[in-house]
Amino acid sequence: MAYKFKNWAGNVTGTAEHYFQPNSENEIISIVKDAVAKNKKIKLVGAAHSWSALALPTHYLINLDNYNKVLEIDKEKKQVRVQGGIRIKNLNVILRENGLSLANLGSISEQSIAGAISTGTHGTGIKFGNLSTQVIAMKLILADGSILNISENENTELLPVVRINLGVLGIVSELTIQCVDVFNLRDESYALPFEETLEKIPELIQTTDHLKLWWFPHAPLVGIYRYFRTQEELRPRSSFQKFIDDSFLVNVFFVFMLRLGDWFPKLVPSINKLINKIHFKKVSRIEKTWEVFNVPMPPVHYETEYAIAVEHASEALKKLKEMIEHKKLYINFVVEVRFVKADDSWLSPAYKRNACYIGAYQYGDRYWKEYVKGFEEIMFSFGGRPHWPKEFTADKDKISKSFPEFEQFRLLKNKLDPKGVFNNGLTQHLFG
Ligand SMILES: Cc1cc2nc3c(=O)[nH]c(=O)nc-3n(C[C@H](O)[C@H](O)[C@H](O)COP(=O)(O)OP(=O)(O)OC[C@H]3O[C@@H](n4cnc5c(N)ncnc54)[C@H](O)[C@@H]3O)c2cc1C
């Protein structure tokens with residue numbers, strides 16, 4: 001039966017001829033064989049939380065929400081083997097009950113593990129790679145229905161290829177993840193003026209386990225989110241404070257401010273200054289990892305994000321501020337700055353260089369195209385690489401040149417899936 005696809009942000013929509021929610025690996029393989037026999041294309045979708053059209057289906061759309069089990073936990077090696085459909089939020093809880101934790105998390109845990117890994121989802125912390133760097137084994141179902149096992153003992157050379165795969169190599173059936181001992185996070189956050197922040201970035205990166213910066217353009221302060229790994233006892237916010245921070249301020253106050261700014265853009269600078277005053281307060285708490293790494297689900301908005309070499313962070317932010325002022329863009333959402341350790345995955349934006357990820361976000365589409373254009377120009381001037389699940393408009397040549405192993409990936413992808421069974425319009429355009 002036809003299925004209407006819509007991603008979380010609502011900016012990517014389409015129709016699949018058939019929608020499947022298999023329960024077992026055999027069922028997944030049967031769907032693949034059926035698709036190939038009928039010359040149909042296949043797309044996988046997790047939580048549909050990507051802004052780019054990576055999960056946009058054509059013929060068959062497969063979701064693994066019913067294929068979501070933890071298969072094995074090895075407490076001694078601190079490793080967990082899971083089915084691709086498990087949501088990160090569920091995995092977080094099961095790991096904690098077993099004295100383990102994922103080494104790092106992004107801003108939300110709603111994603112399916114396979115979706116998050118496949119796109120190079122990242123958190124922050126210069127000593128920590130993106131989530132896919134924690135993957136030590138993967139079981140892929142290929143376009144002919146066969147199984148490819150990749151691990152430290154089998155086809156090891158393919159690990160850097162498959163970790164970030166954009167869903168085009170096959171179906172991620174199982175993943176083994178290297179976890180760490182369970183830990184808590186001490187949140188010691190405050191705000192600093194924009195210029196002072198730029199000067200302090202190198203020092204802050206080195207002295208903070210997980211550093212994140214939030215800057216609302218047109219406003220003077222930058223939120224300096226500093227999270228430290230600790231075994232200290234939990235010292236959480238009161239439930240009243242949690243309600244104020246996560247429900248009232250986000251779902252009521254911020255939503256109202258965004259709408260107001262969208263109707264009357266000239267109010268945006270004053271609104272952002274007010275948000276500085278209300279939101280950027282000194283914090284001191286100790287909480288479970290996801291209570292600190294994750295933020296409440298934000299209002300639906302647009303996002304683009306690029307990674308540049310960490311050394312260029314301050315200069316790039318300065319240029320971004322100049323561009324916003326020069327083009328007179330009223331930017332109503334935060335600019336988010338995060339830091340990620342270099343890795344060796346072929347399609348990683350942090351490939352072989354410690355990276356500063358800069359995210360440009362906006363509510364409403366009034367200034368969006370102009371903002372993305374100016375933002376991408378700045379990012380490319382610093383050798384930037386797009387973060388795959390976010391929006392990017394740069395042409396294929398520019399993108400392929402920014403990833404040193406892009407051509408190698410393309411060749412291997414076309415060898416594993418010569419008929420492009422796992423392609424859609426976007427990946428066909430990128431990889432041919
Ligand atoms: C509010 C919000 C906050 C976010 N915060 C962050 C953040 O902090 N850091 C960050 O890096 N990203 C962040 N993201 C982006 C998000 O992590 C990625 O878009 C991620 O891919 C979403 O996972 P998903 O399960 O929704 O995958 P989908 O969007 O459904 O799919 C993503 C890709 O994975 C493929 N895929 C899914 N399952 C499989 C499978 N089993 N086998 C093969 N391919 C598969 C799909 O085909 C597609 O190509 C955020 C998104 C939102 C909406």
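## Helix 2

The buried residues of helix 2, which spans residues 88-97, are Ile 88, Leu 91, Asn 92 and Leu 95. Viewed along the axis of helix 2, these buried residues fall within an arc of 105 degrees, so they line one face of the helix. Val 93 and Glu 97, on the other side of helix 2, are exposed. The model is a predicted one.

The buried residues of helix 2 pack against two strands and two helices: strand 7 (79-83), strand 8 (100-101), helix 3 and helix 8 (289-293). After helix 2 comes Gly 99, which has a positive phi near 75 degrees.

## Nonpolar core

The largest nonpolar core holds 121 residues. Within this core, Ile 62, Ile 113, Leu 175 and Cys 356 touch the most other members. In soluble globular proteins, nonpolar side chains tend to be buried together.

Leu 175 can be followed in detail. Leaving out residues up to four places away in sequence, Leu 175 touches Val 82, Gly 84, Ile 113, Ala 114, Ile 117, Val 135 and Met 138.

## Shell around the ligand

The shell around the ligand is made up of 32 residues, and those that come nearest are Gly 46, Gly 106, Gly 115, Gly 167 and Pro 389. By class, 17 residues of the shell are nonpolar, 14 are polar and 1 is charged.

Strand 4 (42-45), helix 3 (113-118) and strand 11 (171-178) supply at least two shell residues each. Helix 3 gives the largest share, with 4 residues. Helix 3 is also one of the elements against which the buried residues of helix 2 pack.

Strand 1 (residues 3-6) and strand 2 (residues 13-16) run antiparallel and are joined by 4 bridges. Tyr 3 stands opposite Ala 16 of strand 2.

The two strands form a hairpin, with 6 residues between strand 1 and strand 2. Gly 10 lies in the turn and has a positive phi of about 75 degrees.

Most residues other than glycine have a negative phi. His 218 and Lys 328 are treated here as exceptions. His 218 has a positive phi near 80 degrees, and Lys 328 has a positive phi near 55 degrees.

His 218 is placed in the loop between strand 15 (210-215) and strand 16 (221-230). Lys 328 is in the loop between helix 9 (313-326) and strand 19 (335-340). Lys 328 has 9 C-beta neighbours inside 10 Å and therefore counts as exposed, the limit for that class being 12 or fewer.

## A buried loop residue

Ser 345 sits in the loop between strand 19 and strand 20 (355-362).

Apart from neighbours within four places in sequence, Ser 345 is in contact with Ser 132, Pro 160, Arg 163, Ile 164 and Tyr 351. Ser 345 and Asn 165 are 180 residues apart in sequence, while their C-alpha atoms are 9.3 Å apart in space.

Definitions and conventions
Residues are numbered from 1 along each chain as its sequence is written. This is a predicted model: local features need pLDDT of at least 70, side-chain atom pairs count only at pLDDT 80 or more; totals for chains, interfaces and linings use all residues. A residue is near a molecule or strand if its C-beta atom, placed from the backbone, lies within 6 Å of it. Ala, Val, Leu, Ile, Met, Phe, Trp, Tyr, Cys and Pro count as nonpolar, Asp, Glu, Lys and Arg as charged, and the others, Gly among them, as polar. A residue is buried if 20 or more other C-beta atoms lie within 10 Å of its own, exposed if 12 or fewer, and partly exposed in between; C-beta atoms are placed from the backbone. A nonpolar core is a set of buried Ala, Val, Leu, Ile, Met, Phe, Trp, Tyr and Cys residues joined through C-beta atoms within 7 Å. Two residues are in contact if their C-beta atoms, placed from the backbone, lie within 7 Å. Two strands pair if DSSP finds at least two bridges between them. The arc is that of the directions from the helix axis to the C-beta atoms.
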